[in-house]
Amino acid sequence: MNNSKKWCICSLALALALMVFAGTLTAVIDPFFHYHAPLNGLQYPLNNQRYQNDGIVKNFPYDALITGTSMTENFKTSEFDALFGVNSIKVSFSGGTYEEINSNLQRAIEANPELKIVIYGLDEWFLFAGKSMILADGEYPTYLYDNNPFNDVEYLLNKDVLCNNTVEVLNYTRSGQTTTSFDAFGSWDCSFPYDAANVISNYTRAAKVSENSIFTEELQTRLSDTILNTAVKLARENPEIQFIYFFPPYSILNWDNHNQSGTLQRQIEAFTLASQLLLEADNIALYSFYNDYGTITNLNLYRDTVHYSGEINSLILQRIHNGEYKLTKENYSAYWQEILDFYQSYDYDAIFQTETA
């Protein structure tokens, strides 16, 4: 064997050995929890929802969970546990559609027969998306979300995962930090100012339109498809689980935008239909905080038109536990009429007059 062949064989063997080592290191440390929960002796940063949430629901111990979009990121599982007597996790999806979140919940149910309570924030943004919309934008790590062992090569032999995540666990542990709590996972509560003047200054007010948008048959069909094939379907297929859905309390500026854009009445009609469909399942408890007018009109509790402080997340948990702001088959229609009356007659101009006075 000549030197050239020896060099090629040695190079290939070295490359293979390095690949095996890198893949084994990622599999053992498993920064995305694809194979197992955090290892004893190692500390893990929870900092990448779409890459870690699937592993969390498959491999962590829990009997309750909180999920939803960024409206749920400031929830504290410690408060949920204390109020409801559970051991919970938080798996929020910033900007997540109903179908994306529903898919993760299905994975949780399949992996964990102990699951008994789900709290899920239902945002208005994707009510008309339809069931087929998986992700609003961005890339999706499908190789982590299926049961195909062969495409795990995209995880095990991924240079970015090795350098930015696997090694990060080792550095995180050496630095003396501890595994991120679910209270802190995804939370941005301390990262933004809550100030009315700041919220108003960053709000671009739409021009007032003369005609209202119509809640067309097409929109009704799309909303029904979204709700029935995600939230309602999941509840009906899992009657032993209590699903607690809630509509988050967006600020008064979000309602001003609906009012200016002519979509306010259409949105209330959409919420009314969504409520009717959700309440068809006996194991769904539905809450809406749009009549918490004291919160919604206090822009010092918001960082923008929709995102509220962690103080409000804590209040939501307490109110759900106390059965406050609950919608039922008997009251939901009158409730949404009250909401429509309030936000149609609200003096929105006064918000801006106060700011410029």
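Predicted model: local features only at pLDDT ≥ 70, side-chain atom pairs only at ≥ 80, totals over all residues.
The axes themselves are lines fitted to C-alpha atoms, for helices over the stretch in contact, and the angles run from 0 to 180 degrees between N-to-C directions.

Residues are numbered from 1 along each chain as its sequence is written, and side-chain values use heavy atoms, with hydrogens and water left out.

First, the overall picture. Taken along the principal axes, the C-alpha atoms fill a box of roughly 90 × 50 × 40 Å. Of the 357 residues, 50% count as buried, where buried means under 20% relative accessible area, exposed means over 50%, and partly exposed is in between, using a 1.4 Å probe and protein chains only. Among contacts (heavy atoms within 4.5 Å) with a separation of 6 or more, 82% join residues 24 or more positions apart.

Now to the antiparallel pair. Helix 10, residues 264–278, and helix 13, residues 332–345, pack at an angle of about 165 degrees with their axes 10 Å apart, and they are therefore roughly antiparallel to each other. Their crossing is right-handed, a term that applies if the near helix is turned clockwise from the far one by less than a right angle, anticlockwise being left-handed. Helix 10 contributes Leu-264, Gln-265, Ile-268, Phe-271, Thr-272, Ser-275 and Gln-276 to the contact, and helix 13 contributes Tyr-332, Trp-336, Ile-339, Leu-340, Tyr-343 and Gln-344. By class, that contact has 8 nonpolar, 5 polar and no charged residues; here Ala, Val, Leu, Ile, Met, Phe, Trp, Tyr, Cys and Pro count as nonpolar, Asp, Glu, Lys and Arg as charged, and the others, Gly among them, as polar.

The second pair is helix 2, residues 49–59, with helix 4, residues 98–111, whose axes come within 8 Å and cross at roughly 30 degrees. That angle makes helix 2 roughly parallel to helix 4. The residues in contact are Arg-50, Asn-53, Asp-54, Val-57 and Lys-58 from helix 2, together with Glu-100, Asn-104, Arg-107, Ala-108 and Ala-111 from helix 4. In this contact the classes come to 3 nonpolar, 2 polar and 5 charged residues.

That brings me to charge pairing. Side chains of opposite charge can pair when their charged atoms come close. Searching the whole structure gives 11 salt bridges, each being a side-chain nitrogen of Lys or Arg within 4 Å of a carboxyl oxygen of Asp or Glu. In one of them Lys-58 pairs with Asp-54, with the closest N and O atoms 3.4 Å apart; these two are 4 residues apart in helix 2, so about one helical turn separates them. Asp-54 is buried at 2% relative accessibility, whereas Lys-58 is partly exposed at 23%. Asp-54, Lys-58 and Arg-107 are also linked in a network of salt bridges.

Elsewhere, Asp-292 and Arg-319 meet in a salt bridge at 2.6 Å, N to O. Asp-292 sits in the loop between strand 5 (284–288) and helix 11 (293–296) and Arg-319 in helix 12 (residues 310–322), so the pair ties together parts that are 27 residues apart in sequence. Asp-292 is buried at 7%, and Arg-319 is buried at 14%.

Is Gln-52 buried or exposed? With 2% relative accessibility, Gln-52 counts as buried. Not counting residues up to four places away in sequence, Gln-52 touches Pro-31, Phe-32, Phe-33, Pro-45, Leu-46, Asn-47 and Phe-185.

Key:
Parallel < 35°, antiparallel > 145°, perpendicular 65-115°, else oblique.
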